Every structure is written in structure tokens, then in C-alpha cells.
Amino acid sequence: MQKTVPVVIAGSVGALMALAFFSPPLLWMREKAEEWFTILAAIAMLLGGTNLCVHHLRRISDREAGWGFSAVTLLTFVITVGVGVLKVGVVPESARNLDRAWSGGYLQEGGAFWWMFQYVYSPMMSTMFALLAFYVASAAFRAFRAKNFEAALLLVTAIIVLIGQTPDRDFLPEQLSFIRFETLTELCKKTFVTAGQRAIMIGIALGVAATSLRILLGLDRSYLGGDE
Amino acid sequence: MWRSAISIRHLAMRQTQTQHGACDEARTQYSVLSARQSLGIVPCAAWRLLLLVAFITLELFEPTVVSAADPIRPPSNVKVEEIPYRGGTSIKVSWDLSPDDTTDGDSRVEAYEIRFDQVPKPFSQIESLAFRFLPGWIWNRVWRGRGSSFVMRLQTLPGARSIEPSKYYDGSSFDGTGVDSGSTFRVSVVSIGTDKARSAYSNAVTFPRFRTSPQTAPIDKSWFALVVILVCGTVIVCTELARRGKPFYVRPIAGLQAIEEAVGRATEMGKPMLFVPGIQDMNEIDTVAGLTILSSVAKTAAEYDTPIEVPTTRSLVMTAAREAVQAAALAAGRPDYYNEDRIYYVTDEQFGYVAHTCGWMYREQPAACFYLGKFYAESLILAETGNAVGAIQIAGTAETTQLPFFVAACDYTLIGEELFAASAYLSGEPAQLGMLKGQDFGKLAAMVLVVIGCLLATWDSILPRGKDAQGKDLPPRTQFLRDEVLKGG
């Protein structure tokens, strides 16, 4: 029963979503199902917040490795929630609401929450994203080592595409000026890459259809922990 | 963003041109005025005559300048039609461009404003005006007024010939906000000049309000539905055949065979394992596929008693992962293996999650890392960190843009469909293996369609279809296959 009810719900709602794709009269039912998911996900946020606090409090309590990070996490969590909920630094946006201190939006420009987002959160996210450049370089270095024929082919293709996308190619010797790198790059991107990607996409589409069917029919329950 | 930037630059150029035009006009008027003034201060009649001739010459050869005061002209031929197969939720408003909206870089039109009124009774609630727009059409939308004064205005970029607003709320929501459901729309369009001047209104078209009852055929995209039924039918038939004992060969998948190797390595080294089920919620099929593999990995890990860490970005995924691991531990006969503290929620934020997970990897030095689910830019950061700590790594995603990163940084990668086949492959159940065989028939159908498409495209290039009676080019032969069969019309 504990597993049957979720499977029945997943199967019926999934079938409804698929039918609504083909039948416009059922669109409103699909929209309702999407709203239910949004409500469920919002409630789950409370679950996530509670779990976050419990998990990190336990780590601090047990003095696990890296417990200091847990302390920082909890502190910033409390400060962020407090600043957002209490709308610190937010002023009323409308002249009619001057007597209502909390009538402004919590993300109002100049507010404490906005300041934290602008000057703490965004720079940190940008920093993490910027790391990607270095990781791309190190991964490319490993991937392009010409260990065998396929790897050598990959290396040559990568060099062509790299040069083809470089706007100023003055560094190339005169003897190579007859090679149209931009044309070769376009050929690689539009012909080989697109063909390969489409083949993968067809496989993915069929895989998604079969997996969805397994879930809708209740054949695959492993995502719920199996039949045990 | 690009479009905005271009339109702003275009606007600035046009403003500069207008300013230059105004300067030329002022200069001309100044010279004429000077000549006129000089007429009054010259005593000699001959001089007067001379100046009169000069004045007439100046008047005759005064450059023609478009006056900024000329009103811009409105668009014309406004039409409103319902877009079929949208369940009565969408309309299309189209018009002919204003004669002042030219493409030669000297257009005087900055935008079009489409005005919607409800007649005879005006809208009374702003909530009832919530519309959803197709991307790329609407530059700005302006909600103004309530009551009888005005309803709703939309702005488009210059050169736009139509918009397609869709109703966001259903009919009952409209009725709930006090709007008369029996009313109709009156739609008219006005041109807005680069100097913010507005033209007169175009012709107004009255159109029945978005209908709340379905008025289209009950089945849409019938060709695509047929393809789906064929593929799903084949999968179900193969499943039934497998249940009845027909053996099917499934090729070995290296990434899945390596799971036991990875768990064994972690056991030997006495180190934990990391499982990342992507960064999306349970409504993504990739996440569900990742969790089905987690179930199998956790079962093997429970047999070896190797701890597995599952940080998640969504609390629903955390709950599902806990269920899966707990059931796997029970199935392995090791219920004490399950420790819910190892499966926890971190944050919804992409790079916050990456920071936590990479930090954990550097501290705990896991022996094996699994990345199976939906990934975006964080894929390479996670995989490279795992590589740096020397872990054996198995990854899988259906996100084609991330696959090259995983291939470069991981030991084994489940490419596309292999991720979805994993659950069936690992379970070993005949019914699920039969489904994999059904997928193969789908691939066969795709191959046949590709060959037919290639032949039709070749035929089109050798013998084009020519023109119809009106002199328009006939569509290529591949159009039906592409737009109707594959895209569903």
C-alpha cells in the first residue's frame, strides 16, 4: 500500500500529462497538476530547511571534520532568512503605504537583502563559475593527449576549431595561409557535431519514452525503493 | 538582450539623425530670417530689389526637411484571429506596418502599442489582465488604469507585424475577478514615434473574448501521436514477449559493469563514495533515472558495507534518495547500513552546492564518485575535483552539452540513452530488458525516417518543386515529414 499509492499517483498524473500534450481540452488539468507540484515543492522547502539545520547542528555537535563550515552555513542561513523575512532596510514603495513599514518588496534595491545578494552572493557565484575556465584547460590538456589514433584525431580537430574561432590569426606561418580554418570549423560544427548530437538526441528521446513508460506502468519502482 | 541593445543603438542613431535634421532646418530658417531682417534696414531701392531676388532664390532653393511636427501615421489592416489547436487560449493580432516604419534606417516608428479594451463593460481587476507572451515578440508591456479609462497596452519592437498573447488564467479565474465573461475584446494599434509622439488609432477590431470551452479538435498533433503510439506499442509488445520467456540480448554497458569495481575499490581503500543525483528536481526524468541507479549502487555498497554520501540540491530528491537507499539496505540484508545523515539537502543554488560537494571531496577523499542525473555548468567542476582527489568516476547524463566534459574527466560515462537503460540493465528483470529491445525498434524507425528524409531532401535539391499558380515557391518535399510527422504540426 505504501508503494502502490505513489505508483498509482505517478502513473495517472504522468498519463494525464502525456494525453494533455495531444489533447488541448485537457490542458487545464495539466496546469492543475503542475500547480500541485509547485505547492508540493514549496512545502518540501520547509523539509529541506529543517534538514539543513538538523544536519549541520549534528555536525557541530559531533565536531566532525569541517564542522566550522557547518557553523558558518548555519549562521549565514539564519542571517539571510532573518534579513529577508524582517525586510531589513526596506522602505514602503507607494505613497499610500507610508504608514505600513513592511509594505515594500524584500528584494527592493538598497535593502539589506538586496545588498547581500548584490555584494556577497553574486560575487561568490561568479567566482565559482570562473573556476570553470581553469577546469576546462586542465580537462582539455588530458583529453587531447594523442595516445592513440582517435585521440590524435580529436587533437587535430580541436586545434582546427580553436584556430578557426580565433579572430586574429597573424601568429600562423605564411605557409599555412591557404588553409581556410573558419570554413573547416563551420564544417566540423555544422556537419560532424550536429550529426553526432542528433544521434544522441534520438537515443535520449527513445530512452526517456521507455523510462516514462516503465514508471507509468509501475514496472520500475526502484526510484521509490523497489517492491520491498 | 541583444535585441534590446540593438534597438537602443538604433534608437540613439535615429535620435541623432532627427537632431541633425532639426539643426539643418534651424540653420536654414535662421538664414532666411536674417535675409528677411536685412530687407528692413537697406535704404536703397536697388539694394532692396537685389535682396528681394536673393530672398526669392533662397525661398525657392530652401532644402526640403521633414518637419518633426508631421504626425506619424498609424498601422492599418489590423486583424485578430484565434490560433488553432491551443484550446481557445491564444489569439494572434496582426497589422500592416505604418508607412513611416521603413527598413532603410530612417524609420520614424519606435514601437507599436496594441490596445485591448473589453466592451461593453471594462475590466475592473488588474489580475484579470495576466497574459503570457511568446518569447521574442514583446519588448515591453504597460499596464495602465482600471475602470473605464483604459485596459492594457503592449509594446513591440519597430517592424513587428504581429503579436500572439495567450490567456494565462482559465475562464473560471476571469469570472472570479468580476469580469463579465460575455464581453468581447476591441483591439486597435497605434504607432509610437522616435520622438514619443503617438499616431492616431488604427481601425479597431472587435473579437470574442478568449473562449473558455474547447473549440478545437480533441486530438492535436495526430501524426506525432501516431509515432508515439507505435514506439510505445512496440515497447509494450517486447515487454510482454520477454515476460513469456523470449530471450533478448542486451549489449554490455561498460559504465554499469564498473559499478561493482568502483564499490570494491572504495571498500579496499576504506574510503567513502559520493553519489550526486544531478541538480534538478524529481520532475526531471534524468533525476529519476539517477535515483534508480542509486538504488543499485546502494545495494552493492550495503553488501560491502561501504558508506555512500548523497548530497542533494532538492529536498524532494533527498526524500526519494533516502527511500531508495533504505530499501536497498533492506534488500541487501543489512538494514543497519542505512544512515539518513549521509543523505541530506545542501542548497538549491547551483554553485553553492558545488562549493559544498567539492569541499567534501577534498576533505574526505572519496574513492569512487558517481554523477548520474541532470547537470549543467557544474559538471566539469565536480568531475575535475573528483579526478584531482584520485577517485574512480562514473558519470551519466542526457544533457548533450555536458557529455564532453564528463567524457574528458571521468573514467566511465553513460551517454544519453545508456543512463535510462541502466535501471533495466541492473535489475536484470526480463520485463525491463524487453523494454530496451523495444527502444531498438524505435531506433530502427528513426533510421528509416532519416533515410526517407535524406532521399526527399536530395530529390528537392535535384528537382525543386517550382512555383504554384500565384507564383509562390512550393514548400520542399521534406516539409511534411519535418513539420507534421516529427514536430506534430
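Among the elements of chain B, which has the lowest mean pLDDT and which the highest?

**Figure 1. Elements of chain B at the two ends of the confidence range.** In this predicted model, the lowest mean pLDDT among the elements of chain B, 30, belongs to helix α3 (residues 171-176) of chain B, and the highest, 97, to strand β11 (residues 273-276) of chain B. The average pLDDT of chain B is 75, with 66% of the residues scoring at least 70.

**Figure 2. Two stretches of chain B with pLDDT below 50.** Residues 1-43 of chain B have a pLDDT below 50, and the model gives this stretch 34 contacts beyond near neighbours in sequence. Residues 60-66 of chain B also stay under 50 in pLDDT. For residues 60-66 of chain B, the model has eight contacts beyond four places in sequence.

**Figure 3. The fold of chain B, with its helices and strands.** Chain B contains 13 helices and 16 strands. Of its 489 residues, 36% count as buried. Among contacts in chain B between residues at least 6 apart in sequence, 70% join residues at least 24 apart.

**Figure 4. The contact between chain A and chain B.** Chain A contributes 54 residues to the contact and chain B contributes 64 residues. On the side of chain A that touches chain B, α2 (27-62), α4 (112-143) and α6 (181-216) of chain A supply at least two residues each. The largest share of that side, 16 residues, is from α6(A). By residue class, the side of chain A that touches chain B comprises 35 nonpolar, 14 polar and five charged residues. For the complex, the predictor gives an ipTM of 0.88 and a pTM of 0.71.

Notes: Residues numbered from 1 in each chain as written. Chains lettered and ligands numbered in written order. Predicted model: local features only at pLDDT ≥ 70, side-chain atom pairs only at ≥ 80, totals over all residues. pLDDT = per-residue confidence, 0-100. Helix = DSSP H or I, 4+ residues; strand = E, 2+ residues; numbered from the N terminus. Contact = placed C-beta atoms within 7 Å. Buried ≥ 20, exposed ≤ 12 C-beta atoms within 10 Å, placed from the backbone. Nonpolar A, V, L, I, M, F, W, Y, C, P; charged D, E, K, R; others polar.
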